[in-house]
Amino acid sequence: MPHPTVRDLLSQAAASRPDAVGLVDPAADEELTFAEFDERVTRTANGLLDAGLEPGDHVSVLVKDSVEFLVSLFGGLEIGLVVTPVSYRAPPDRVSYVLDHSEADGIAVDETCADAVGELASDSLPDVQIAVGDVALPD
């Protein structure tokens, strides 16, 4: 493989050093080994596919800066999605603008951002909405 992707490097690290710490989130006091990170990325990628997204689709990630943000980002990239990170600090009008202009087919949202999604105009929301972590999305 002449030019490995970041995802390839994660898989290689998980295979060669599965028990080594691969990701640290000091704010949440959370650590993942390379094997745990790799497994969560794969599970997230499968969840995105199960939600109806396909390679080449666009997904916006509205998740607080955290392990879950990186898992969502890598999961989307693993299956060939075009991933657009959206700042969880952005006001609803800016989030709507990004969703409209990124041609988002889906949005991944965590508990920090679920209320903000409820404030968005329904015509800005993509058809596919994915909950990240323990969150119930508003109807």
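These legends go with close-up views of a predicted model.

**View 1. The largest nonpolar core.** This view zooms in on the largest nonpolar core, a set of 14 residues. Look for Leu53, Leu81 and Val83, the residues with the most contacts inside this core. As background, nonpolar side chains in soluble globular proteins tend to be buried together.

**View 2. Arg7 meets Asp38.** The count of salt bridges in this model comes to five, and this view shows the one between Arg7 and Asp38. Their closest N and O atoms sit 2.6 Å apart. Arg7 belongs to helix α1 (residues 6-16) and Asp38 to helix α2, so this pair ties together parts of the chain that are 31 residues apart in sequence. Are the two partners buried or exposed? Arg7 has a relative accessible area of 14%, so it counts as buried. Asp38 comes out at 18%, which also makes it buried, since the cut-off for that label is under 20%.

**View 3. Arg7 meets Glu78.** Arg7 turns up again, this time in a salt bridge with the side chain of Glu78, at 2.5 Å from N to O. Distant parts of the chain are linked here too: Arg7 is in helix α1 and Glu78 in helix α3, 71 residues apart. Glu78 has 30% relative accessibility, so it is classed as partly exposed, whereas Arg7 is buried.

View 4. Glu39 and Arg43 pair up in a salt bridge, with their closest N and O atoms 2.9 Å apart. Which helix holds this pair? Both residues lie in helix α2, four residues apart, or about one turn of the helix. Glu39 is partly exposed, with a relative accessible area of 41%. Arg43 is partly exposed as well, at 49%.

View 5. Arg7 is the partner in both bridges, one to Asp38 and one to Glu78.

Definitions and conventions:
Residues are numbered from 1 along each chain as its sequence is written. This is a predicted model: local features need pLDDT of at least 70, side-chain atom pairs count only at pLDDT 80 or more; totals for chains, interfaces and linings use all residues. Side-chain values use heavy atoms; hydrogens and water are left out. A nonpolar core is a set of buried Ala, Val, Leu, Ile, Met, Phe, Trp, Tyr and Cys residues joined through side-chain atoms within 4.5 Å. Buried means under 20% relative accessible area, exposed over 50%, partly exposed in between (1.4 Å probe, protein chains only). A salt bridge is a side-chain nitrogen of Lys or Arg within 4 Å of a carboxyl oxygen of Asp or Glu. Helices (H or I, at least four residues) and strands (E, at least two) are DSSP runs, numbered from the N terminus.
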